[in-house]
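Welcome! Here is a short tour of a protein, written for someone who is new to reading structures. Take a moment to look at it before reading on.

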Amino acid sequence: MKATLRGLAPSLLVALVGAALLRITLAGDVFLQYVKEGLRLPLIGSGLVLVGLGIAGVARRLAERHREPVLRFGRDAEGNAVWHRPATHEGHDSGHGHGHDHDHGPRVAWLLTVPALLLLCLAPPPLGSFSASRDGTDAVVDQAGYAQLATPVPAGTPGATGDTWTDVVTPMSLTEFIGRSHDPQRSLEHRKVRLTGFVAPGAQPGEWYLNRLVVSCCAADARRLRVLVHADGPTPATDSWVDLTGVWHPAPGTSATAAPRIDVSEQHGVPQPRAPYRDVPPSDG
């Protein structure tokens, strides 16, 4: 029985990994914490293939065990009790007098059970402030190609609704905000914008970073987008998600790679978005 279970283990492990992939893709959106959204169908296909291979391997192994001759009790030339298999039709003793099972796989493969069981039973969180605080992980941001921002009508203009420059709030992705902060035309100047991201601590009291992580394929290639936040009041909890409203604060003389600054007038916590690695403007919902 022990030898049979050892022989089934590799196939069961393959099926377990496949079941874990199906669980995170079919039972919800957990997979979005590890890979980008476009990989859902390939992951489902991979999970189905692995489960099928695992089941086929178990069935093949059980069939082989069923065809094996039954161990028989006997005595060797010295009168010692031994278990042995009868000679096969080729005329060879398949057990060499001991019934050993020679089906050994690499033990390192058992390490796959750990992530597979985690995905089946738990939902590890996406990358957060620890990854965002590492140097050298900044995303490349295009500084051109953004649509022109709407121009509000100054208060007092005939037919105006009373809006001023600072009354109009523009929802914006961190990618666009960072790109526009380098715009020679200063398209962000005096504009009140709304951003969403997660919190990482800053270097000075009263400041912290609003972050997003973007991926090309999976969490292993995550790149950082971050904005330096200056706000009154306590700093939100690290790794919490925040929706904030504020105005870009020009900082002449800073390096081109420095995080742009925003002076915040309003902020509140929000749930983690469905796709945490997709940088989009905050929605009204």
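This is a predicted model: local features need pLDDT of at least 70, side-chain atom pairs count only at pLDDT 80 or more; totals for chains, interfaces and linings use all residues.

**Overall layout**

- The protein chain has five helices and eight strands.
- Starting at the N terminus, the elements come in the order α-α-β-β-α-α-β-α-β-β-β-β-β.
- The chain has 285 residues, and buried ones make up 34% of them.
- Take the contacts between residues at least 6 apart in sequence: 63% of these join residues at least 24 apart.

**Cysteines**

- A disulfide is a covalent bond between the sulfur atoms of two cysteines.
- Searching the whole structure turns up zero disulfides.
- C217 is in no disulfide, and its nearest cysteine sulfur, that of C218, is 4.4 Å away.
- C217 counts as partly exposed, with 36% relative accessibility.
- C218 also counts as partly exposed, with 23% relative accessibility.

**Salt bridges**

- Side chains of opposite charge can pair when their charged atoms come close.
- The structure holds eight salt bridges.
- One of them joins the side chains of E37 and R274, at 2.8 Å from N to O.
- E37 lies in the loop between α1 and α2 while R274 lies in the segment after β8, so this pair ties together parts that are 237 residues apart in sequence.
- E37 is partly exposed at 32% relative accessibility, and R274 is partly exposed at 43%.
- R261 forms a salt bridge with D263, with the closest N and O atoms 2.9 Å apart.
- R261 counts as partly exposed at 24% relative accessibility, as does D263 at 27%.
- Salt bridges that share partners link D29, E37, R40, R274 and R278 into one network.

**A closer look at D243**

- D243 sits in strand β7, which covers residues 241-249.
- Is D243 buried or exposed? At 4% relative accessibility, D243 counts as buried.
- D243 forms a salt bridge with R194, and their closest N and O atoms are 2.9 Å apart.
- R194 lies in strand β4 and D243 in strand β7, so the pair ties together parts that are 49 residues apart in sequence.
- R194 counts as buried too, at 14% relative accessibility.
- Leaving aside residues up to four places away in sequence, D243 touches several others, including L195, T196, H268 and P282.

Technical notes
Residues are numbered from 1 along each chain as its sequence is written. Side-chain values use heavy atoms; hydrogens and water are left out. Helices (H or I, at least four residues) and strands (E, at least two) are DSSP runs, numbered from the N terminus. Buried means under 20% relative accessible area, exposed over 50%, partly exposed in between (1.4 Å probe, protein chains only). Contact means heavy atoms within 4.5 Å. A disulfide is a pair of cysteine sulfur atoms within 2.5 Å. A salt bridge is a side-chain nitrogen of Lys or Arg within 4 Å of a carboxyl oxygen of Asp or Glu.
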